[in-house]
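The sequence and structure come first.

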Amino acid sequence: MSIWRTKSIEASMADSLEKGHNLKRTLGTWDLMVMGVAVAVGAGIFSVGAKAAGSYAGPSVTLAFLLAALTCALAIMCYAEFASAVPVAGSAYTFTYATLGELLAWIIGWDLILEMLTAAAVIAKYWGIYLSSVFELLHWNVPATINILGLDVSWGAFVIVAIFTTLLVLGTKLSARVASVFTILKVAIVLFVIVAGAFFINPANYSPFIPAAIQTTGGDGDVWMQSLFSFMTGAHPAQYGLFGLLAGASLVFFAFIGFDVVATSAEEVKNPQKTLPRGIFAGLAIVTVLYLGVSLVLTGMVPYTVLAQDPNASLATAFVAVGAGWAAEVISVGILIGLTTVIMVLLLGLSRVLFAMSRDGLLPRGLSVTSAKRGTPARVQIIAGTAVALIAGLTNVGVLEEMINIGTLSAFVLVSIAVIVLRKKRPDLKRAFKVPFSPYLPILSAVLCFWLMLNLTTLTWVRFAVWLLIGLAVYFAYGRRHSVVGIEAKRVFDETVRTEAVREENSLRD
């Protein structure tokens, strides 16, 4: 059967009601807004902006954040239209299945697994490291790793993943309440840092707002670390100037990933047609304001050249430079609290994508069984948590950071295209939210996201290609043969052939 077969909207909606394979609708607008803020406001708000300002954009990092936010907003509009029309689990995977076919749906589902698995593992690892930093503030000597059978194990990663895996198994609403408490705390810390930093702003540090471009050169060994765009065009990597600003936007886009994760919970949302768009956009608006505030304070406190001198520059670097070292302690606590909720939302998103793919038969259907009492996919949640804990606790996850970006952006590109296709295929479908100026804004979204992908390193693209090849092997070895849509299509085809054969035989007898 065709690898381009699609799953109808009606079939997806019917699956969301299948007893033993369905989720409870318990989330409201507040829960979704908190979820968006929870996953986007983490360590990045304290570190990514400093790196982008020092190495790429200078004070214009604020524009880089704004460009990244606008790009994210365009993609999120496409997600919101889909989620309001097809409020079932799976996010981009489900949307692509309904429009572009099974193979592309598998690829995007595989990409989402990459995004959320690596993001959860990377952040869980850093959570353990920052936990040790907080212990140091209390003068407790607690190492970030312990040696078990000759292996250095990041025990903090295991602990935090185990806690949130348990909470998510017990219920999505319970997890959302816990996330609300942590999210309010970390937003309060970010606001405190912004207000405190504002007293140290020197307007002279904003000039030049967009520093003159500086070409950087490197040896042949740098080929894997330069952007794919630079590799294809032969252009030298640039610091500052317009291209530095664009490179900075590619870097800080990492700070906005996660809003697609909110869409994976569509099947657990009450009144999703209205609630999903409101929750997603409210969360994005809050995050954008926080990032713009932090970037303005950061580049106003110290010259961008100070940040450029420190390869590990962060917001704490700026506070130390102006003699306010106490803020570094506040920031350490803020990072720990910030990372906590990010891990929870990513574990939720990962399990929901795996749940949707397994319910469709592309992965073993037994994974999509849900608890009769709590309505959560306990099996797949525990498997997802175990995988994240093992990767975070036992490996060096730092090399995987850019894989998070490419997985997210590839999903954004396909969803932007898919929303145009769905408008053409199903103009009759009720949509509580529509992307304005379609198809122009969805096309712009796809182009901008693909541009950001081109600014990722060639090594990231090579790793991404390897991941896709592994995914294709799994699909053709298992998913294609066990697809519920494919099995049903084959049954209908065989029934039609049998009916035609009987009809022909009867006509010959007559």
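## Leucine 346 and the nonpolar core

Leucine 346 is in contact (heavy atoms within 4.5 Å) with Val39, Met116, Ala119, Ala120, Ile123 and Val261, leaving aside its neighbours within four places in sequence. Leu346 is also among the residues with the most contacts inside the largest nonpolar core, together with Tyr79, Tyr93, Phe256 and Phe319. That core has 165 residues. The largest share of it, 21 residues, comes from helix H6 (residues 102-137).

A nonpolar core is a set of buried Ala, Val, Leu, Ile, Met, Phe, Trp, Tyr and Cys residues joined through side-chain atoms within 4.5 Å. Buried stands for under 20% relative accessible area, exposed for over 50%, and partly exposed for values in between (1.4 Å probe, protein chains only).

## Basis of the values

The model is predicted: local features need pLDDT of at least 70, side-chain atom pairs count only at pLDDT 80 or more, and totals for chains, interfaces and linings use all residues. Residues are numbered from 1 along each chain as its sequence is written, and side-chain values use heavy atoms, with hydrogens and water left out.

## Alanine 266

Alanine 266 sits in the loop between helix H11 (259-263) and helix H12 (272-301); helices are DSSP runs of H or I with at least four residues, numbered from the N terminus. Its relative accessible area is 0%, so alanine 266 is buried.

Apart from neighbours within four places in sequence, alanine 266 contacts Arg25, Pro87, Val88, Pro272 and Leu276. Its C-alpha atom is separated by 17 Å from that of isoleucine 113, 153 residues apart along the chain.

## Threonine 183

Threonine 183 belongs to helix H8 (residues 172-198) and is buried, with a relative accessible area of 5%. Beyond its neighbours within four places in sequence, threonine 183 is in contact with Val34, Val37, Ala38 and Thr341.

Technical notes:
Helix = DSSP H or I, 4+ residues; strand = E, 2+ residues; numbered from the N terminus.
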